[in-house]
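Reader: I am new to this structure and would like to go through it by question and answer. Please show it first.

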Amino acid sequence: SDIGAQKDRVVTEEEWLQKWEMGSTGFHKEQGHPLLRKYLDVLLSGRSGLRIFFPLCGKAVEMKWLADMGHSVIGVEVSEQALKEFFAEHSLPYCEEPVPGISGAKKLQSTSGNISLYCCSVYDLSSSIVGKFDGFWDRGALVAVNPRDRQRYVSLMITLMEKNSSYLLVTVSYDPNKHKGPPFYVPESEIKSLFG
Ligand code: SAH
């Protein structure tokens, strides 16, 4: 579990924006994630009308799945292009508005109202701005966060958790000396100490 090779690696927001511009988005899964299908019951535990958060959402198709099931979906993503592609690819009309309390940020909201995507850094958010969530789908999110920012990211997620919330986290297991990431390798022991 030596993550030494990745500890100091930084991917800037600018680099993420460039990946979207260049179409270097191999992380995007057109078909959605089989692990969300598999663990959907764990996320929902029979409840309806949940508020579900997608940190570092990209244009994840799972946002559409959950919205179609009647849940409210809230995401955050630095790339406006990604968010616009999401709405376009699902033929969803949306409107844009500024976000009080976050300068330069925008909220893109489906006209039907059940999908709200914040275009800003996840670190700009707080529960006073986005509220708290009943469910979290963290895929390509914790593992995309720069290793030095992990604690800050997880502490923020904890402040966004409603009582009795469920958090599905997908990580990738591999030898961090053979690939520089992202996705970064986050050992299970670290996940335990981060989330407590
Ligand atoms: N969760 C998505 C995307 C994973 S890739 C999926 O499953 O497909 C990670 C995404 O995080 C990229 O789209 C990148 O643009 C975005 N991102 C990186 N740093 C971010 C930050 N600080 N705040 C919000 N989004 C960020």
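Reader: In which helix is the place of Leu-194?

Author: This is a predicted model, in which local features need pLDDT of at least 70, side-chain atom pairs count only at pLDDT 80 or more, and totals for chains, interfaces and linings use all residues. Residues are numbered from 1 along each chain as its sequence is written, and side-chain values use heavy atoms, with hydrogens and water left out. Helices (H or I, at least four residues) and strands (E, at least two) are DSSP runs, numbered from the N terminus. By that numbering, residues 188–195 form the element that holds Leu-194, namely helix 8.

Reader: Is Leu-194 buried or exposed?

Author: Buried means under 20% relative accessible area, exposed over 50%, and partly exposed in between (1.4 Å probe, protein chains only). Leu-194 has a relative accessible area of 6%, so the residue is buried.

Reader: Which residue forms a salt bridge with Glu-190?

Author: A salt bridge is a side-chain nitrogen of Lys or Arg within 4 Å of a carboxyl oxygen of Asp or Glu, and the structure holds 12 of them. In the one made by Glu-190, the closest N and O atoms are 3.1 Å apart, and the partner is Arg-150.

Reader: Why does the pair of Glu-190 and Arg-150 tie together parts that are apart in sequence?

Author: Arg-150 is buried, because its relative accessibility is 1%. The pair ties together parts 40 residues apart in sequence because Arg-150 lies in helix 7 and Glu-190 in helix 8.

Reader: How many residues apart in helix 8 are Glu-188 and Lys-192?

Author: Glu-188 and Lys-192 form a salt bridge, with the closest N and O atoms 3.7 Å apart. Both Glu-188 and Lys-192 are exposed. About one helical turn separates them, because their spacing in helix 8 is 4 residues.

Reader: How many residues of strand 5 are buried?

Author: Strand 5 covers residues 115–119. Ile-115, Leu-117 and Cys-119 point one way, while Ser-116 and Tyr-118 point the other way, and all are buried. In general, side chains of a regular strand alternate between the two faces of the sheet. Strand 5 is largely enclosed by the rest of the structure, because the buried count is 5 of the 5 residues.

Reader: Which residue in strand 5 is the bridge partner of Glu-77?

Author: Two strands pair if DSSP finds at least two bridges between them. Strand 2 (residues 72–77) runs parallel to strand 5, with 5 bridges, and strand 4 (residues 106–110) runs antiparallel to strand 5, with 4 bridges. In strand 5, the partner of Lys-106 is Cys-119, and the partner of Glu-77 is also Cys-119.

Reader: Which residue stands opposite Ile-52 in strand 2?

Author: Strand 1 (residues 51–54) and strand 2 run parallel, joined by 4 bridges. Strand 2 is mostly covered, with 5 of its 6 residues buried. The residue of strand 2 opposite Ile-52 is Val-73.

Reader: Is Ala-141 buried or exposed?

Author: Ala-141 lies in the loop between strand 6 (133–139) and helix 7 (150–159). Its relative accessible area is 0%, so Ala-141 is buried.

Reader: What separates the C-alpha atoms of Ala-141 and Cys-95?

Author: Ala-141 and Cys-95 are 46 residues apart along the chain. Their C-alpha atoms are separated by 25 Å.
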